[in-house]
Amino acid sequence: MAFTRATGKHRRPSRVQRGTARAAGVAALAGTGVVGSLAAPALAAEPAAAQTGLTPVVTLGDVVADRVDAQAAAQHEAARVAAQEAARKAAEEAARERAVEEAEKARAEKERAARDAERKRLNTFVSPIPGSYVSTAYQSGGAIWSSGSHTGIDFHAASGTPVQSVGVGTVVEAGWGGAYGNQVVIKMHDGTYTQYAHLSSVSVSAGQEVTAGQQIGVSGATGNVTGAHLHFEARMSAEYGSDLDPVSYLRSHGVNI
């Protein structure tokens with residue numbers, strides 16, 4: 001059997017028609033104030049914030065924020081303390097390094113001063129009799145000397161005048177020396193030798209270290225002499241016949257005679 005679509009006044013309104021009618025109804029109610037009277041009680045019936053759980057959430061958020069702030073502050077303080085400690089350690093290390101450098105500098109300066117002092121000590125020469133003068137020159141001729149000439153120089157000196165080493169060295173002979181009388185022979189630090197003869201007494205012994213200006217005896221007239229004086233020789237070796245010009249020798253070491 002065939003169905004026919006309903007027509008006339010009993011036909012169901014379409015969806016568009018229903019929506020249009022509803023919108024028109026709402027507009028009409030709004031115009032009469034019904035919607036406003038209904039909306040107010042509905043809004044008044046909204047539950048309070050405390051009843052919805054919002055307040056505990058906000059409070060918990062504040063606690064967490066405070067804890068975060070406290071942790072950040074603690075971390076900041078720890079970082080500040082660590083920075084101060086690092087700065088302190090760096091300052092201490094720098095101070096230690098400066099102290100080491102200064103100590104090393106002082107040590108080097110002390111060693112340099114000691115070397116300079118030792119060099120000066122070794123290179124210091126003096127006259128065997130300060131204030132005296134040469135009374136007989138080197139290589140002067142005469143029958144009094146077995147070689148026919150003077151192998152040294154004579155310094156004017158009365159008997160008992162202190163005689164000193166002209167420089168740093170080691171005594172290799174001290175005592176009687178035949179025609180030289182009482183004598184002292186010293187090997188100098190540069191390998192040369194000096195001889196001091198006709199002494200009335202000797203105050204050093206073989207093997208003894210002596211320095212410039214140290215007394216080694218007193219002048220006299222022992223051995224082959226005609227009067228008190230000091231016979232002084234400079235030699236290449238301890239042996240007779242290796243003599244050098246004593247005046248040139250002393251002057252080359254800074255002695256003014």
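Which residue in E5 is the bridge partner of Glu 173? The views below get to that, and they come from a predicted model in which local features need pLDDT of at least 70, side-chain atom pairs count only at pLDDT 80 or more, and totals for chains, interfaces and linings use all residues. Residues are numbered from 1 along each chain as its sequence is written, and side-chain values use heavy atoms, with hydrogens and water left out.

View 1. Val 185 is the E5 partner of Glu 173. Strand E4 (residues 169-176) pairs with E5 in the antiparallel sense, over seven bridges; pairing takes at least two DSSP bridges between the strands. Strands are DSSP E runs of at least two residues, helices H or I runs of at least four, numbered from the N terminus. Five residues sit between E4 and E5, and Gly 178 in this hairpin takes a positive phi near 65 degrees.

**View 2. E5 and its other neighbour, E6.** Strand E5 (residues 182-188) is mostly covered, with six of its seven residues buried (under 20% relative accessible area; exposed is over 50%, partly exposed in between; 1.4 Å probe, protein chains only). E5 and strand E6 (residues 193-202) run antiparallel, joined by five bridges. Here Val 184 stands opposite Tyr 196 of E6. The hairpin has four residues between its strands, and Gly 191 in the turn shows a positive phi of about 95 degrees.

View 3. Look for Val 64 in helix H4 (residues 54-123). Val 64 counts as partly exposed because its relative accessibility is 43%.
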